[in-house]
Amino acid sequence: MATTTDGPLSGIRVIDHGHVWAGPLLGMSFKDMGAEVIKIQSPTGGSGVSMAGKGMAGTATRDAVDVSDPMAYHAFDRGKKSLSLDLQSEDGKEIYKKLVAVSDVVVENFSARVMPSLGLGFDVLTRVNPKIILASLSATGATDGPWRDLVTYGPSLAALYGIKSVLGYHDSDHPQEDQADLDPTAAGHAFFAILAALESRDATGRGQHIDIAQGEACIQRIAEPLMDYFLNGRVAGPQGNRYPATAPHGHYKTSGLDEWISISVRNQDEWEAFRDLALQNSKNITNSKFKTLQSRLDNQNELDQTIESWTKNYTAMQLTKILQKSKIPAYPVMGALDLVNDENLNSLHRTHITVTDDNFSPDSLYRGVIWKLEKGQGEITGPTPSTGAHNGEILLDLLGYEEGEVLEFQRNGII
Amino acid sequence: MDINGPLKNLRVLEIGDFISVAYAGKLLADLGAEVIKIEKPVTGDSLRNHGPFPKDIPHIEKSGLHLFLNTNKKSVTLDLATKGGQDLLIAAAADVDLVISNLALGDTTNDSLNYESLSKENDMLVMSSITIFGYDTPYRDWAGTALTATAASGASMKIGSPDKVPLWLPYCAADFQGGIHGAIAALLALRKKRQLKQGLHAWISVVEVMASYLGGSGVPGFVFQGVLGSRDGTHRSGFYPWQVTPASDGFVEVITMVDEQWKRFINLMDNPDWANDPRLSDRWLSFEWHKELDAFWHPWMKGKTRSELFKLFSENRIPFQPVNKVDEIVESEHLALRKFWHEIEHPVVGNYKIPGAPYLFSQTPWAVYRPAPQLGEHNDEFFETRLGLNTSERTDLIKQGIT
């Protein structure tokens, strides 16, 4: 029986084929919230591209892991179990099916052709275990079409699906690079979808296949320009920091080097409070050009210059505190170093930049668990496993193989 | 149409305003949950007043954001700033599984609608709150929007040119992320409720969600590698190439970490001599010379259209893709074959399309059962059937401006 402190997913077993970012993050989400997650890796090393290392710490899984490396602890396989398995071999497939029979969820982010070509498509898995939920996160979906099986990364997929076309300065059509957050967005949608499928499975006893095209999951965030196209035929380009029906709305220079404050005024009441504060340094703020929302939108360049003549006299945090006292949305535009020292993020220590683990790297900060439950909330439970670290436990205890059989698998390179 | 989504047994109240909570509600409703959206009388949710509107003429039933975000929901008007409105909400919460909220914290009106008061008559109630800064943190009462949350998360400082203002993720991307994770927190808490046989409160911080998306370019990059991270404009540092590159008729995203893919790209250009330039020998270090290196191959790209390049790259399994514009993605053959765009018929607006299913379920599909509701469309059902109010009680509520 689950107790108060157990994560809400205790009792759920997940098979994780994740590689690079979206897949491993999805597996980690289950693990952090209490599920048992078994990561399948190739006995010869690697389940795909390993992005950890140079310049990409923490964004990716590591396939060959040095557990004394803090990056490995931080990466997206923390707390998982590792089973090495050659899925090309007949024995490997047999072991895999036995594991499917005692599992609840399978997650994979291969190209759509991979699992069926291994003979492990949903039709096969559901015969082994009708309760199984298979979530497939491919870039463009499992449907036949010109983009099926496209080789892609998050940033190029964001370009293909139109998301990048609106990211940039309003006076140039050349898009800018961003954080490349397609992968975590897709992983979030997939996590939600699987949790929903678990609800229906608990009611009906029946699992199902969920086909997630990462591009389609992410395109929802540009619903606003898409709706403008559907309703008016207008094609949006980059907008800078501007937003329809909102002004002021932007980032303004403050007193420090490359230091900015983000300010967003939502309605006329907030505007009037803002104007009264800015009046101290900037008489032009009472200009009739800024009186109504429409006039502010019509004179946005001048409005922004006027505001900047005020904001540049303060540090970003000083001014944030002044504006927040009047309930006006504002915050410093944070860099990486600011984030490490951010009072609010640090107060989420159980979660965000969470725990320090003496066994690993005493001074390091780890990304936490973002879903807070007042009871049974998530936690980081352990390091990234080395490849095959749990072969014995899984094959002997869970699947009931004999020791001799396991040794044989090992000799033949099956595990 | 029979409701067959995986969440068809879930009854939800949605309170708050604008995108984040509405998106959480949409994700639940499109999978079959019954979601009752509580809106301010007369003006409704500010989504209704935001647009985009057909022909730019404002109309509370015609805002594009509202039409997209409120599919499948029921609309009830109730003024939660009044004591009468709050009492009715608490009474309604006795009969649902879940309340989702993005009410601003630190506002006395909103603070009286916390988990404790809403669960007064329903100890199995689950509530999921989407907050900007968090629920029990120092800045919990600070005001925020998608713009300031993106800045607070560290994402904005990494977008844009180093000599220009940093950029947000446009169109309130952070609010959409808040919606996804608010909906996840709700389903996690519903599982926990069944384990405990007791309701509970769950919450997320939009700033934290966005910060968690940063990966190596944010906190971990700093902690493990001392990388402070700057804005690199149309490029990203880290490895080379990672950039938005001009073609003859627009732009192409060029990124690869895999050497074989880079070699295939070089092959496409007939293996020019510059490909052996020592500055390309370790592409993790090449960014430092990106101006000089770009000059080698940008002219080749500029001489071709995006579709010529896309064809070449796809045939050669190179992961470079065109920057499509909004109309181009809507007209794409692939998304048509996926039946991605969803046609809606609305009694006031007429016919239009919306972006469709984020996921295809083999058994319990995503579906649009009804278009976004008209303001207060479900008031009768709510006040009479659910709350059992008679005609004169309802007339009183209307007179007091509570509904």
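This is a guided tour of a predicted model, one selection at a time.

Residues are numbered from 1 along each chain as its sequence is written, while chains are lettered from A and ligands numbered from 1 in the order in which they are written. In this predicted model local features need pLDDT of at least 70, side-chain atom pairs count only at pLDDT 80 or more, and totals for chains, interfaces and linings use all residues, with side-chain values based on heavy atoms and with hydrogens and water left out.

Begin with the open sheet of 7 strands, whose order is β10(A)-β6(B)-β5(B)-β4(B)-β1(B)-β2(B)-β3(B) and whose pairing is mixed. Helices (H or I, at least four residues) and strands (E, at least two) are DSSP runs, numbered from the N terminus, and two strands pair if DSSP finds at least two bridges between them.

Next select residues 11–15 and 34–39 of chain B, which are strands β1 and β2, paired in the parallel sense over 4 bridges; Val12(B) has Val35(B) in β2(B) as its bridge partner.

Move on to helix α12, residues 306–315 of chain B, where Arg306(B), Leu309(B), Phe310(B) and Phe313(B) are buried. They cover an arc of only 100° around the axis, which puts them on the same side of α12(B); the arc is that of the directions from the helix axis to the C-beta atoms. The face turned away from that buried side carries the exposed residues Ser307(B), Lys311(B) and Glu315(B). Buried means under 20% relative accessible area, exposed over 50%, and partly exposed in between, with a 1.4 Å probe and protein chains only.

Finish with two loops. Select Phe18(B), between β1 and α1 of chain B, which has a positive phi of about 70° although it is not a glycine. In chain A, go to the loop between α9 and β7, where Pro248(A) has its place; a cis peptide bond joins Ala247(A) to Pro248(A), with omega about 0°.
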